[in-house]
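Please examine the protein chain shown below.

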Amino acid sequence: MGNKPVTLGVETNASSYESGSILSGQAYMEVTIEGGNIRHVHATSLNLQLMGEEAAMVIDHEEGVDRDSHVFWSLNVPLTHFKSGVVPPGRFEYPFQIQLPANLPGSMYFQEGESGCEI
């Protein structure tokens, strides 16, 4: 997983989810030992931050490009707490299941020639 003291990764059990469904997967963390020396990694918790954002970009060949974005949903999910404030070396897996809100907007992608739309 690399040569840094901490490597993180997230894997979901499906490639897409619908509003109201359960998002499930695993978060992975590896704390490495460098050159035989134990590296102390200080942390109190590992959290999964989820965010839904809408973004729009309009290209007007006379006026230029106009962009805007808005975060419409955010959730911070604690996966584990480190009571001692130190994460020991090793590989760790933290499974999660999160109920998505029923009112999340859908998404889509369409491309034709130089024009396209993505929601």
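Two strands are said to pair if DSSP finds at least two bridges between them. Helices (H or I, at least four residues) and strands (E, at least two residues) are DSSP runs, numbered from the N terminus. The model is predicted: local features need pLDDT of at least 70, side-chain atom pairs count only at pLDDT 80 or more, and totals for chains, interfaces and linings use all residues. Residues are numbered from 1 along each chain as its sequence is written, and side-chain values use heavy atoms, with hydrogens and water left out.

**Overall composition**

- The chain contains zero helices and nine strands, and its elements run β-β-β-β-β-β-β-β-β from the N terminus on.
- Of the 119 residues in the chain, 22% are buried (under 20% relative accessible area; exposed means over 50%, and partly exposed lies in between, with a 1.4 Å probe and protein chains only).
- Among contacts (heavy atoms within 4.5 Å) between residues at least 6 apart in sequence, 62% join residues at least 24 apart.
- The chain exposes about 9,000 Å², of which carbon and sulfur atoms supply 50%; accessible areas come from the Shrake-Rupley method with a 1.4 Å probe.

- Strand β4 covers residues 45–60 and strand β5 covers residues 64–81; the two pair in the antiparallel sense over 16 bridges.
- L50 has L75 in β5 as its bridge partner.
- Three residues lie between β4 and β5, which form a hairpin.

**The three-stranded sheet**

- An open sheet of three strands has the order β1-β2-β7, and its pairing is antiparallel.
- β1 (6–12) and β7 (90–99) stand at the edges with a single partner strand each, so one side of each is left without a neighbour in the sheet.
- Neighbouring strands of this sheet are turned by 20 degrees against each other on average, direction ignored; axes are lines fitted to C-alpha atoms, for helices over the stretch in contact, and angles run from 0 to 180 degrees between N-to-C directions.
- Strand β2 (residues 22–31) pairs with β7 in the antiparallel sense over ten bridges, and V31 has G90 in β7 as its bridge partner.

**The aromatic pair**

- The structure holds one aromatic pair.
- F92 and Y94 form this pair, which is stacked, at 6.5 Å centre to centre and 20 degrees between the planes.
- Rings of Phe, Tyr and Trp (its six-membered ring) pair if their centres lie within 6.5 Å; planes under 30 degrees apart count as stacked, over 60 as edge-to-face and the rest as tilted.
- F92 counts as partly exposed at 25% relative accessibility, whereas Y94 is buried, with a relative accessible area of 13%.
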